[in-house]
Amino acid sequence: MKNGKFVISLDFEMHWGFFDIKTLDECRSQLSNISMVIDKLLQLSQQYNTSITFATVGKMFAKDKSEVLKYIPDRMPDYRNSKLNAYNLLNNIAAIDQEFYFAQDLIKKIKADTLHEIGTHTFCHYYCYESGQNIEDFKEDLTSAIAIANNLDITIKSIVFPRNQVQKYYLQACEDLGIETYRGNCWFNFSNDARKLKLKEYGLLAIRVLDTYFNISGSNSFKLDDYNSKNSKLINIPASRFLRPYHSQLKFMEGLKVNRIKKGMTQAAKRNEVYHLWWHPHNFANNIEENFKNFSDILQHYAALNTKYNFESITMQRLGEDYRSS
């Protein structure tokens, strides 16, 4: 590439993303702030001319529960762990709580801001590693995600796998359905058989948390050639860094966290590499002021790198297109 690229992808999922971990009552106040978070993200992205890929759970494209029922796939994952089944949750959503699950108005607002891309986070926040599901279930899920997006005149070209469960055997299904880019894992690759490696996974988690503040793994900027070939139809754009939300007990380390990201961006800009930052909108929905202060600092640094090195903010889809045509 002739210049470095800055990619931001967000796992836009609302309660679908963690209903198996927290009840709605436990996160109701947090999720009530999602609309404010999206508005501030759009405002800052306009201010700094930055693009975001919003990888969005398919059910959120519906205006309400009755509409989403029209897109339910014929095949659904039959997870051995029934707590993960989002269709059970769908049956129990109260009319008064639909704002925490359906976001058609927010999606239309994002679409109207042409800086951004709307990708998929699968239809039902699909878990590719879990026992009880298979590739045919996944294809049906992805087909529904694409169809409900098409209803809003949105063409899905990028995917972010829920909980970063990139199942390599499912990538061909993505390609067959017209997906062009996906967010892969970088230095912290998980095994396909996650359940047999829980201790290793927890060890990796501890290392990743430390790496948020201290340079353990390097900058995590990268060249796309390290993960793809020019004839690839489906381009892997690995994650570089998760932007961890502000935590009051770790507030004395916030500067270390932000500087770690800024140094990685600088290296990508100098070396004409990619730096891929990600998080969830709901991560910013608590401690909103502190989280957006950090994000503004990162965007100010991006603006300086853009001026000095022509460091370019770009969506996942556009980066894939540029790479194939280069």
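Tutor: Leaving aside neighbours within four places in sequence, F6 is in contact with M265, Y275, L277, I298, L299, Y302, F311, E312, S313 and I314, where contact means heavy atoms within 4.5 Å. The model is predicted, so local features need pLDDT of at least 70 and side-chain atom pairs pLDDT 80 or more, while totals for chains, interfaces and linings use all residues. Residues are numbered from 1 along each chain as its sequence is written, and side-chain values use heavy atoms, without hydrogens or water.

F6 is among the members of the largest nonpolar core that touch the most other members, along with F12, W16, F138 and W279; this core has 87 residues. A nonpolar core is a set of buried Ala, Val, Leu, Ile, Met, Phe, Trp, Tyr and Cys residues joined through side-chain atoms within 4.5 Å. Buried means under 20% relative accessible area, exposed over 50%, and partly exposed in between, with a 1.4 Å probe and protein chains only. Apart from this core lies another, of 12 residues, including F222, I235, V274 and Y323.

S221 sits in the loop between α8 (198–213) and β6 (235–236); helices (H or I, at least four residues) and strands (E, at least two) are DSSP runs, numbered from the N terminus. S221 counts as buried because its relative accessibility is 14%. Its side chain makes a polar contact of 2.6 Å with that of E273 and another of 3.0 Å with that of S219. A polar contact is a pair of N or O atoms within 3.5 Å; within protein, one must be able to donate a hydrogen and the other to accept it, and residues adjacent in sequence count only if both atoms are side-chain atoms.

F138, named above for the core, is one of the buried residues of α6, which also include D137, D141 and L142. Elements that cover the buried residues of α6 include α3 (65–68), α4 (86–91), β3 (117–120), β4 (158–159) and α7 (171–176).

As for the whole chain, 58% of its 326 residues count as buried. Residues 24 or more positions apart account for 79% of the contacts with a separation of 6 or more. The chain has 11 helices and nine strands.
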